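Please look over the sequence and the model below before reading on. The report then takes up selected features in turn.

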Amino acid sequence: MGRYAEDYGVMLGNYNGIPEFIVTVAQGLRNVCDHVDVVKSLEELSKQEAVDLIVMTIGLNQDIEREGLDREDLLLPADQRALLEGLLAQTKVPVVLTLLSGGGSVDISAYEQNEHVVGVLAVGYGGMYGGQ
């Protein structure tokens with residue numbers, strides 16, 4: 001779930017050449033799981049019939065932070081906070097937060113202790129195999 005599940009650019013950062021291929025988070029999950037659906041909204045998620053685990057992709061891409069473009073705080077962007085807070089308020093399913101960031105710190109401490117968050121995976125400059 002989330003905007004970065006199938007995003008290629010967030011895996012690379014801005015210190016890269018052009019890779020032959022890129023494994024996104026969704027592709028990496030599909031390589032090891034029988035059934036993976038990618039949803040980007042709570043409405044889409046509510047239409048899923050059976051959900052065992054939610055892998056929530058959050059973080060920063062080069063449109064939010066890069067050389068010469070700094071953030072004013074360490075929080076997730078407002079749209080991601082709203083989606084994550086809505087998810088954690090309504091879900092009864094375990095959630096793994098997958099934080100994708102090209103080196104900048106992100107404060108997710110408000111979510112780490114939530115009863116539904118069962119893990120946090122931090123990926124910085126994942127590269128072409130980042131989702132694997």
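## Basis

This is a predicted model, in which local features need pLDDT of at least 70 and side-chain atom pairs count only at pLDDT 80 or more, while totals for chains, interfaces and linings use all residues. Residues are numbered from 1 along each chain as its sequence is written, and side-chain values use heavy atoms, with hydrogens and water left out.

## Arginine 71

R71 sits in the loop that runs between β1 (54–59) and α3 (78–90); helices (H or I, at least four residues) and strands (E, at least two) are DSSP runs, numbered from the N terminus. R71 has a relative accessible area of 19% and is therefore buried, a term that means under 20% relative accessible area with a 1.4 Å probe and protein chains only.

The side chain of R71 reaches the backbone oxygen of S105 at 2.5 Å, and a polar atom of that side chain lies 3.4 Å from the backbone oxygen of D73. Beyond its neighbours within four places in sequence, R71 is in contact (heavy atoms within 4.5 Å) with L60, I64, E65, G104, S105 and V106.

## Helix α3

α3 has 13 residues and reaches 18 Å from its first C-alpha to its last, close to the 18 Å expected at 1.5 Å a residue, where the expected span is 1.5 Å times one less than the number of residues. Buried in α3 are Q80, L83, L84, G86, L87 and L88, and the buried residues of this helix pack against α2 (42–46), β1, β2 (95–101), α4 (109–112) and β3 (117–124).

## Largest pocket

The lining of the largest pocket takes at least two residues from each of α1 (25–32) and β1. On a 1 Å grid over the protein atoms alone, a pocket is an open set of points where a 1.4 Å probe fits, with protein on both sides within 12 Å along at least five of seven lines, and lining residues have an atom within 4 Å of a point. The lining has 20 residues, of which H35, V36, D37, V51 and L53 lie nearest the pocket's centre.

Note on methods
Buried means under 20% relative accessible area, exposed over 50%, partly exposed in between (1.4 Å probe, protein chains only). A polar contact is a pair of N or O atoms within 3.5 Å; within protein, one must be able to donate a hydrogen and the other to accept it, and residues adjacent in sequence count only if both atoms are side-chain atoms.
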